[in-house]
Amino acid sequence: MNTTEHRTPGKSQTATLVGLVIAVIAASSSCGSNGHPTVSESDAAVLPSDAAKPDTPEPAIDLVKEKKDALLLLSNLLGDDDPRVRLGVLTFIRAARYTDWQDRLRHSLESEPDPEVRAWLAVTLGILATTEARPMIYDLYHSAEPVLKVWYDKALGLLHDKKAIKRLAKQARARDIEVALVAALALADLSRPGNKRTVELLRRLAGRESEFVGPFVAIEILYRLARLGYHNARQELHGLLEHDDEDLRLRAAEGLARIGDDTGKATLLTVFNNAGSRNRSLAGAILVDLGDYSAAALLRDCAARRFGDAEVRRRCIESLGTIGLREYLRDLRRLYRESDGTVRAAAAAAVLFIVGLDPRVLVQESVDWVRSALRSSNPAQRYDATMALVSLPPEKSIPLLTRVVSDGDPAVRRAAARTAGELKGLEVADRARAARTVEAALVVESVEKVKEEQVIALGKLGHPEVADTLRDISRGHNRLGTLAKGALIAVLGQSADPEVIEDKVEELERAFARGVKAIRLTVMEAAVLAANRLLVPVLERGLGDRLLDIRVAAAEGLAHYGISTDSVIAVLQDAARASRRIAARAVSALLRLNVPLARDRAVESLLDLPDAEVRRELVPAIAELPLARALSLAIELLEDPEPAVRRQSIDMVATVAERHPDAAIPLLKKARHNSDPITRIKAQAELAVLLKETATDPQPAEKKAAIDLRGMEEALERTRRAYAELEINTRGVVALSGEIVEHVANRASNEHDLDRAEKFRDRIEKAHAAVVAARGRVAEEAATFADAASEVRNRAQSLPDGDPIRIRLQELNQRAVQLEEQAGSHLRQSSQQTRERLEGIDKYLYDNEANPQLLLISAETAISEGRLFSASADLDRAERAYKRRNERDPQLDYVWGYYYDERAQRARQDKKRLRDLGYAKKHYDAFIKTGQGFRVERVRERVAEMAAELGEK
């Protein structure tokens with residue numbers, strides 16, 4: 001927890017403007033201990049009245065009260081007269097990503113009298129992604145001094161204003177060293193690794209070292225260059241670790257630590273172990289940032305000293321918060337009485353960090369954030385929240401999943417399916433519930449990519465209840481059908497007739513033998529999804545494929561089954577020499593198989609590549625490395641600029657934690673304040689599991705009068721209302737189902753009957769989607785009830801069995817359980833009826849509609865006779881027929897191309913003619929790829945003519 005980042009001195013100090021902006025922009029986490037005399041043990045002083053009396057037992061720690069008191073203190077300090085104190089509060093808000101105060105900060109921005117604090121308020125709002133503050137920041141920007149304009153540009157840049165970033169690049173070239181320095185460092189903080197423009201600006205700025213004020217500005221530039229991937233900068237920082245000046249050595253070690261490089265750890269330990277060094281506290285604090293808590297006793301003593309450098313104390317206090325032991329809470333509360341407001345702010349922030357490490361708080365904060373984000377109108381926020389569900393306990397995640405599978409955005413629904421397949425810690429009942437939820441959404445899903453992810457999720461969940469649905473889908477010969485075959489094998493497991501599984505294995509073998517590249521790749525994926533060694537021969541066939549992608553997929557699949565034959569290793573080693581992302585996948589597989597890597601394909605060399613996807617692919621295998629090396633790389637990866645890499649890194653740290661929990665905890669503590677919300681949620685969830693056993697402090701007993709059932713009763717009433725809506729929607733599906741049965745019982749007499757059947761399909765899909773959504777609302781309200789019930793149940797444990805509160809509590813719980821069970825029954829009923837009615841409609845249309853091939857012949861004849869309207873109707877009917885049969889005839893593309901070609905010739909306006917020619921060329925191109933016969937060459941010639949007419953190369 002390095003909350004001293006971006007600190008600025010107050011107006012009363014005489015620092016030059018360059019010193020000011022460096023202190024603010026630079027992560028001057030090395031507070032002010034350098035150059036100050038050591039404070040002796042005799043200087044330490046704690047108020048005697050605060051000391052606990054030996055004969056008086058310490059009261060139990062009330063975490064709720066601790067949090068309330070700390071927040072109240074910070075709230076008061078945000079209005080303190082001293083600008084430095086207000087900056088200290090902002091430091092905590094930024095470090096903790098404390099979004100609860102966004103409204104308060106926006107109001108403070110309007111009334112803040114100090115220009116530097118006002119500018120830093122704007123940056124804080126930018127870090128918290130408070131887009132509502134953007135207009136106010138624009139207004140302040142125009143009236144600000146030149147250096148402060150840079151701060152406002154940084155704030156706007158954090159809010160994704162591209163013009164602000166361009167202004168920063170221009171200001172970084174200013175003649176005024178003050179403006180250039182602040183702008184260049186701010187631009188570096190906003191840039192991704194590999195940004196050549198920013199690297200060049202920083203290098204040019206480094207050449208003006210003679211103009212710098214302060215000895216450590218160059219290290220700040222080197223740190224940012226190293227973070228941007230400029231290797232020479234990291235090497236220079238490594239070289240400074242051998243410098244004669246201890247202060248420079250520490251600054252270099254700190255800069256390396258901030259980019260996740262623990263090379264300077266030996267230097268830090270040397271200083272810390274030197275009893276005569278004035279920098280022991282600073283070295284100890286930096287060690288804490290690297291996950292080494294060996295300096296805890298020294299830091300605790302440093303925090304208690306009333307005399308000496310306040311910056312040193314603040315850094316020690318912050319480090320105690322990072323270590324996070326509850327035994328520090330009483331020490332920190334004593335600091336609330338300090339005269340220095342910045343120390344009080346640091347103490348309150350440290351208390352909040354420690355309280356936040358309580359497993360219950362970690363879980364509840366995650367759940368609250370996810371629930372709030374799922375209610376957002378912004379699909380991107382709902383997407384992030386959906387991806388975060390995987391980190392919540394099943395009793396929290398599944399109710400929310402039940403709601404989000406019916407989201408209006410396909411990307412969110414796809415994320416929901418992916419999350420369902422990755423849920424952890426599921427019992428049999430949880431798997432059944434999650435599988436039924438995904439199945440209900442799959443029945444009416446129309447987007448192919450979403451359906452594919454849903455099928456994969458059903459395979460991973462492995463519950464036999466969904467076998468019928470997967471069996472129906474597996475009859476298809478496309479990617480979806482191929483994945484369904486693998487998922488069905490996984491679901492059937494050991495419970496099915498072996499001949500049924502063998503039939504599906506044979507189908508996958510035939511699909512691989514006959515399939516195009518995409519299908520062959522899908523067969524490899526399905527073979528892994530199946531989780532059955534009967535698929536090993538299919539994967540072995542993939543090793544001999546002519547395409548590298550398929551060979552690597554096969555080798556990865558065999559590695560998944562623990563098979564490391566010479567042929568598997570040979571394919572992976574060959575792929576590891578490739579310069580594409582596939583190399584990272586191959587290296588990951590080799591590491592899992594404990595195969596040594598070539599020096600040029602070492603993990604570090606691949607992690608240095610600018611392609612974030614390469615780094616993300618490589619992350620999981622790092623857990624297989626020796627512990628020290630894995631932890632060193634994990635520190636670096638958790639600072640990666642790409643959120644997807646950081647998220648994957650949390651999963652890798654969780655794998656390390658299974659064997660070495662103590663080593664993983666410091667990394668997760670640091671990650672829980674990451675700028676990416678999903679990384680934070682994942683870190684909090686893993687921490688909650690690892691720290692659960694340490695949360696043993698007894699909580700104060702609640703009085704009987706404090707037990708209030710109103711929260712439960714209100715939540716139950718909301719659940720009842722949601723259930724009533726679900727009942728209405730389910731009755732709608734049942735009624736519509738009866739109409740469909742009646743309609744499809746008779747043979748179609750005309751086209752109107754077929755159209756009506758198509759409309760029935762849309763209606764029942766929408767009706768069932770409404771049931772799925774209503775079921776999700778019931779689940780969410782029931783989860784809210786369960787949270788309220790859990791709190792009340794804990795308070796009511798001391799009450800006798802016959803107490804009216806316990807009796808009422810039991811009644812409410814029973815009713816909630818009953819509503820949940822009935823809601824699940826409604827969803828199953830709706831899913832079954834919808835699936836059966838859709839199958840009936842498909843059969844009705846198949847039996848009654850005209851042969852699509854005959855429709856194509858009719859359409860082609862109509863085009864040649866100039867009856868384009870009639871041809872269009874026949875083509876539409878043929879396309880619908882092929883879609884219902886899950887087929888695709890190349891002749892359909894040919895006739896569509898013929899239709900648009902003729903329509904272009906008849907067009908009177910050039911704009912319409914060129915548009916129709918484009919449509920015709922598109923269909924002709926598709927026909928050339930898959931068609932056969934004499935028409936292919938003729939169409940190819942026509943396409944060449946069209947390309948010339950359209951001006952294409």
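**Close-up 1. Aromatic cluster of Y894, Y898, Y924 and F927 in the predicted model.** Aromatic pairs in the structure number nine.

**Close-up 2. Edge-to-face pair of W120 and W151.** W120 belongs to helix α5 (residues 115-127) and W151 to helix α7 (residues 146-158), so the pair ties together parts of the chain that lie 31 residues apart in sequence. W120 has a relative accessible area of 1% and is buried. W151 is also buried, at 4% relative accessibility.

**Close-up 3. Charged ends of K149 and R167 over the ring of Y141.** The charged end of K149 sits over this ring, at 4.4 Å from the ring centre. The charged end of R167 likewise sits over the ring of Y141, with 4.6 Å to its centre.

**Close-up 4. Buried residues of helix α12.** Helix α12 spans residues 231-240, and A233, L237 and L240 are buried in it. These three residues lie on the same side of α12, because they cover an arc of only 60° around the axis. An α-helix has 3.6 residues a turn, so residues three or four places apart point the same way. The cover over the buried residues of α12 includes helices α11 (217-227) and α13 (246-258).

How values were computed:
Residues numbered from 1 in each chain as written. Predicted model: local features only at pLDDT ≥ 70, side-chain atom pairs only at ≥ 80, totals over all residues. Heavy atoms only, no water. Buried < 20%, exposed > 50% of the residue type's maximum accessible area, 1.4 Å probe, protein only. Helix = DSSP H or I, 4+ residues; strand = E, 2+ residues; numbered from the N terminus. Arc of directions from axis to C-beta. Contact = heavy atoms within 4.5 Å. Phe/Tyr/Trp six-rings, centres within 6.5 Å; stacked < 30°, edge-to-face > 60°. Lys NZ or Arg CZ within 6 Å of the ring centre and 35° of its normal.
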